[in-house]
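Me: I'm new to reading protein structures and would like to know where the labels come from. Could you go through a few of them with me?

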Amino acid sequence: MASNKNKLAFLSMPAPASYVAGLGRGASGFTTRSDIGPAREGPSAEVIAEAQARRGEEPEIDPEQFQDPDNEYGLFAGTTYEQDDEEADKIYDDVDQKMDSRRRARREARENAELAKHRAERPKIQQQFADLKRGLSVVTDQEWESIPEVGNLTRKKRRKDERTFVVPDSIIVGDRSKSEYENSLDTRQQQANGFETPADTGTMTNFVEIGQARDKILSLKLDQISGTATTSGSATSVDPKGYLTSLNSVVLKTEAEIGDIKRARMLFDSLVKSNPKHAPGWIAAACLEEHAGRMVAARKLIKAGCEQCPKSDDVWLEAARLHNNDDAKVILANAVQHVGQSVKIWLAAADLEQDAKSKKRVLRKALENIPNSVRLWKETVNLEESATDARILLSRAVEVIPLSVELWLALARLETPERAKAVLNKARKSVPTSHEIWIAAGRLLEQGATDDSDKSTEARNKELELVDRTIELGVRELRRHQVLLTREQWLKEAERCESDGSPRTCEAIIKATVSMEVEEEDRLDTWVSDAESAEARGMVGTARAVLAYALKVFPDQRNLWRKAADLEKAHGTKESLDGVLSQAVHYCPQAEVLWLMSAKEKWLAGDVPAAREVLEKAFIANPESEQIWLAAVKLEAENGELGVARELLVRARTVADTERIWMKSAVFERQQGQYAAALETVSTALSKFPKFAKLYMIQGQIRQMEKNYSAARASYAAGLKACPKEITLWVLASKLEELDGRSIKARALLEKGRLVNPANDILWAESVGVEERSGGAAQAKAMLARGLQECPSSGLLWSMSIWAEPRPTRKSRSVDALKKSKDNPLITCTVARLFWTERKIEKARQWFSRSVATEQDKDIGDHWGWWLKFERQHGTPEYVEEVIRQGVAAEPHHGPVWQVIAKDDKNVGKSTKELLTMVADTLQ
């Protein structure tokens with residue numbers, strides 16, 4: 001054994017050159033996100049080559065190290081390395097060293113800069129916390145101990161300790177003996193005969209008396225809680241009625257909430273200790289304790305906050321809130337000693353007082369400390385019950401704070417009109433940049449002009465003109481003092497004046513400012529949009545003032561007068577509407593619509609002579625106006641002057657001589673039963689206007705009423721030849737053939753009409769109707785499908801398609817119809833009727849309302865009829881009256897059933913309300 005070598009001899013031997021300690025077991029350096037690169041560098045290539053040379057190993061040769069850079073593989077493979085090659089390599093090496101020495105300084109500087117930049121951007125973890133580690137040297141033991149524990153902030157559920165232990169045998173035996181029954185007597189029981197329990201005193205236990213005593217104690221406690229106990233002589237603080245309610249109001253916090261409160265308490269505790277002068281931290285900590293139900297802790301915390309932050313009014317206010325009323329007064333009294341200039345503290349102290357006298361005392365004390373607070377002055381004035389005392393206070397307030405516009409205006413409102421003018425003049429001098437003072441002056445003048453009812457109209461108008469001049473002067477003065485309000489701001493002020501009951505001041509503001517910031521070519525459009533937006537907001541006076549100013553600038557604009565008339569008709573009185581229309585026809589005598597509106601309004605008001613007078617003036621201004629002639633004829637006919645109406649038509653045919661006048665003449669004679677005269681008139685008119693389709697219709701209808709079907713057929717044929725594009729003629733001719741029992745002829749006529757007028761839904765609908773009336777349901781369905789292919793967006797055909805479907809599939813069909821027809825009113829009315837059949841009353845009412853939403857939809861009388869029929873069946877009388885009112889206001893003229901009833905000679909002269917009722921009765 002002695003001859004064996006020492007196994008530990010290698011410890012004294014030098015390590016191999018390439019040896020890295022721990023490399024075999026993977027204990028070399030590691031890389032982190034902050035440290036880029038290996039933590040420990042390995043041996044360099046020179047060290048490895050030297051170690052290989054010592055061991056006699058040949059270095060590995062890279063087979064591609066002599067390759068040409070241009071990828072010419074094997075270029076020098078067959079050549080020998082000679083002396084001239086060695087000399088050339090030395091020359092190249094010298095050149096490379098020379099070039100490298102020239103650039104070494106710049107390269108090393110660039111590398112050092114890049115390394116410094118890299119280390120600055122991505123420093124090591126040790127470097128990042130170096131300053132903090134140095135800062136730990138000054139941390140005291142107390143500060144170190146006050147650092148809170150982090151706790152479990154990972155929100156991960158920790159695994160519970162589920163270890164089990166062996167239960168001792170004694171516990172098992174004891175649990176077993178609990179449920180056992182003794183069936184033998186022990187020694188002491190045998191000595192006492194087995195039935196008596198021995199006692200030292202020899203007395204027996206009376207369980208009855210024990211139970212009675214327990215019941216008595218329980219009843220006494222219940223009596224005390226309910227407040228009926230008389231033996232104690234003290235009142236209870238428990239409210240028996242609100243006890244259950246208070247139990248319901250108790251908030252039971254979950255374990256998660258309790259944990260959150262504990263963590264928040266630690267954070268706030270650390271906050272107030274690390275920065276005790278931070279007032280919001282104290283307030284938040286106190287609120288947390290209040291939320292947790294620990295009012296005593298909350299009050300202690302906020303008290304400490306008041307001591308640490310005596311200059312923070314928020315801390316004092318929070319302290320007052322957390323205490324009762326008496327303690328809060330003491331706290332705010334202390335707060336005033338530290339922050340006597342805080343308005344919030346004084347207001348909170350005033351709010352704590354119960355009676356008005358104490359509040360006044362507190363606020364007046366506050367004004368002694370803070371005399372320049374507008375809010376304190378306003379609160380003090382509001383507490384005064386006497387106007388005289390309030391006036392005295394405000395007089396003092398404007399002396400102390402002369403730049404407060406609110407105080408000046410409040411003082412002016414309390415003064416008499418004469419003294420208010422003086423107050424506003426002083427205010428204007430003190431605050432020359434306030435537009436509110438000028439507006440208040442205008443309102444004061446308007447109030448003085450309108451309050452006195454004994455004034456004459458002329459005197460009142462002069463005073464109201466003073467309002468206009470005052471506002472105009474105010475705008476100029478404000479402009480002079482560089483106070484430039486925008487148009488929108490002035491319009492808002494005008495609307496505010498209208499809301500406060502000062503329409504003339506509103507009008508004065510509009511006159512003075514509506515033309516500001518508007519280009520000359522954009523004035524009309526801008527003013528019209530201003531009026532429309534004001535009307536949409538319900539500010540009728542502002543809209544009226546804007547239109548009045550626009551009409552002064554553009555008195556010859558017919559559309560502008562029409563908008564003004566519509567505004568007065570919707571929101572004004574009859575007198576105001578009459579005044580607008582009188583001015584309109586004066587400035588626009590050639591506007592026939594304005595003349596007709598004026599005459600119609602007088603006629604509806606019951607003043608027929610005034611309406612005749614208006615039309616006479618209209619005749620003078622427009623002698624050849626067709627509409628005025630027809631309006632005069634209608635006026636006389638409606639009032640029973642048939643002879644005068646006939647004479648007017650004769651004169652109209654002579655003077656105006658238009659096709660519509662000839663048509664109205666024939667209709668007038670037909671309505672009076674003069675068929676011969678009507679046919680003669682039509683014949684004369686056709687000789688003058690052979691292309692006017694309605695003349696052929698009237699002629700055919702009169703022949704049809706006389707049962708002369710052949711003559712009626714000839715009239716319709718002549719009309720179709722002259723006017724092949726008139727759809728109504730094709731429909732009338734088809735109905736005539738169907739009435740005469742020639743359905744095949746009617747079908748052929750409609751087929752021809754569809755060829756002449758392709759993609760016309762009315763002809764397709766009539767064709768479907770002919771098939772249905774002929775008894776061919778399958779042919780009607782096929783015809784309807786063809787019509788929808790040619791007219792895919794027709795509301796009329798889609799409506800017929802919905803009703804042709806079985807009841808279960810109508811709803812889905814209506815959805816397709818709404819998509820294809822783009823919310824056509826006919827489809828909307830059909831959907832409403834579907835909801836009606838399903839007894840969905842409110843939805844049906846909404847869809848009926850949608851079917852007459854736009855101005856174009858309101859002209860369809862059938863929709864109003866369906867809605868009225870629906871409300872009669874399912875609505876209240878109020879709903880019925882509302883539908884009738886809206887329908888009469890809309891004045892519908894179209895609709896298949898409506899036109900049949902309205903153009904019937906028996907219904908001539910009936911009102912819109914009567915026609916609407918008849919349509920509702922007819923619809924099925």
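Predicted model: local features only at pLDDT ≥ 70, side-chain atom pairs only at ≥ 80, totals over all residues.

Me: Why is Asp468 called buried?
Reply: Set its value against the cut-off: Asp468 has 15% relative accessibility, and buried means under 20%. Asp468 therefore counts as buried. You can find Asp468 in helix α22, which covers residues 457-480.

Me: How do you know that Asp468 is in contact with Arg504?
Reply: Contact means heavy atoms within 4.5 Å. With neighbours within four places in sequence left aside, the residues in contact with Asp468 are Arg504, Ala508 and Lys511.

Me: Why is Arg103 called partly exposed?
Reply: Its relative accessibility is 43%. Buried is under 20% and exposed is over 50%, with partly exposed in between, so Arg103 counts as partly exposed. Look for Arg103 in helix α2, residues 83-121.

Me: What makes the patch with Arg103 one of positive charge?
Reply: Lys and Arg count as positive. The surface patch gathers Lys98, Arg102, Arg103, Arg106 and Arg110, so its charge is called positive. In such a patch, like charges are joined within 9 Å.

Me: How many helices and strands does the chain have?
Reply: The chain has 48 helices and 0 strands.

Definitions and conventions
Residues numbered from 1 in each chain as written. Heavy atoms only, no water. Patch = residues over 30% accessible without salt bridge, like charges linked within 9 Å, V, L, I, M, F, W, Y side chains within 5 Å. Areas by Shrake-Rupley, 256 points an atom, 1.4 Å probe, with all protein chains shown as cover. Salt bridge = Lys/Arg side-chain N within 4 Å of Asp/Glu carboxyl O. Charge placed at Lys NZ, Arg CZ, Asp CG, Glu CD. Helix = DSSP H or I, 4+ residues; strand = E, 2+ residues; numbered from the N terminus. Buried < 20%, exposed > 50% of the residue type's maximum accessible area, 1.4 Å probe, protein only.
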